[in-house]
Amino acid sequence: MIVVDEWVDVHDYEEVTFRVGANVDPKRDVLITEGPLDHLDHAPTLQFFGGKLGIDATHKGPQRGLASGRQRSR
């Protein structure tokens, strides 16, 4: 799952990809975990259990402990 700010058009894959590249620090913003899965997910080795990936591609600014955030001007 990729999470972006509310002003990002999630249907614009180019914009989402830009936000991932501009706003993601892998150490801080990527979460890999394991847990229960949906019955319809046929990819895991064990039924109903597998890995998940979360990416926080939201804008980070001073309120998140950064000196300055990066935004794309359009």
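This is a predicted model: local features need pLDDT of at least 70, side-chain atom pairs count only at pLDDT 80 or more; totals for chains, interfaces and linings use all residues.

Trainee: Where is D5 placed, and which residues is D5 in contact with, leaving aside its neighbours within four places in sequence?

Mentor: Contact means heavy atoms within 4.5 Å. Helices (H or I, at least four residues) and strands (E, at least two) are DSSP runs, numbered from the N terminus. D5 belongs to the loop between β1 and α1. Once neighbours within four places in sequence are set aside, D5 is in contact with A57, T58 and H59.

Trainee: What is the nearest side chain of opposite charge to D5?

Mentor: For charge, Lys and Arg count as positive and Asp and Glu as negative; His and the chain ends are not counted. A salt bridge is a side-chain nitrogen of Lys or Arg within 4 Å of a carboxyl oxygen of Asp or Glu. Buried means under 20% relative accessible area, exposed over 50%, and partly exposed in between (1.4 Å probe, protein chains only). D5 is buried yet has no salt bridge, and the nearest side chain of opposite charge, R19, is 5.8 Å away.

Trainee: With which residue does R19 form a salt bridge?

Mentor: The partner of R19 is E15, with the closest N and O atoms 2.8 Å apart. R19 and E15 are separated by about one helical turn because they are four residues apart in helix α1 (residues 13–23). As a general idea, an α-helix has 3.6 residues a turn, so residues three or four places apart point the same way. R19 counts as buried, at 4% relative accessibility, and E15 counts as buried, also at 4%.

Trainee: How many salt bridges are there by this rule, and which residues are joined into one network?

Mentor: The count comes to four. D29 pairs with R28, their closest N and O atoms being 2.8 Å apart; D29 is buried, with a relative accessible area of 4%, and R28 is partly exposed at 39%. K60 forms a salt bridge with D56, where the closest N and O atoms are 3.5 Å apart. K60 is buried, with a relative accessible area of 3%, whereas D56 is partly exposed at 22%. Through shared partners, salt bridges join R28, D29, D56 and K60 into one network.

Trainee: Which residues of α1 are buried, and what covers them?

Mentor: In α1, the buried residues are E15, V16, R19, A22 and N23. Seen down the axis of α1, they fall within an arc of 135 degrees, so they line one face of the helix; the arc is that of the directions from the helix axis to the C-beta atoms. The cover over these buried residues includes β1, α2 (26–29) and β3. The face turned away from the buried side carries the exposed residues Y13, E14, T17 and G21. F18 is also in helix α1 and counts as partly exposed, at 32% relative accessibility. At the N-terminal end, D12 caps α1: a side-chain oxygen lies 3.2 Å from the backbone nitrogen of E14.

Trainee: In what order do the three strands form the sheet?

Mentor: Two strands pair if DSSP finds at least two bridges between them. The three strands form an open sheet in the order β1-β3-β2, with mixed pairing. β1 and β2 stand at the edges, each with a single partner strand, so one side of each is left without a neighbour in the sheet.

Trainee: How many bridges join β1 to β3, and how many join β2 to β3?

Mentor: Two bridges join strand β1 (residues 2–3) to strand β3 (residues 49–56), and these strands run parallel. In that pairing, I2 stands opposite I55 and V3 opposite D56. Seven bridges join strand β2 (residues 30–36) to β3, and these run antiparallel; T33 has K52 as its bridge partner in β3.

How values were computed: Residues are numbered from 1 along each chain as its sequence is written. Side-chain values use heavy atoms; hydrogens and water are left out. A polar contact is a pair of N or O atoms within 3.5 Å; within protein, one must be able to donate a hydrogen and the other to accept it, and residues adjacent in sequence count only if both atoms are side-chain atoms.
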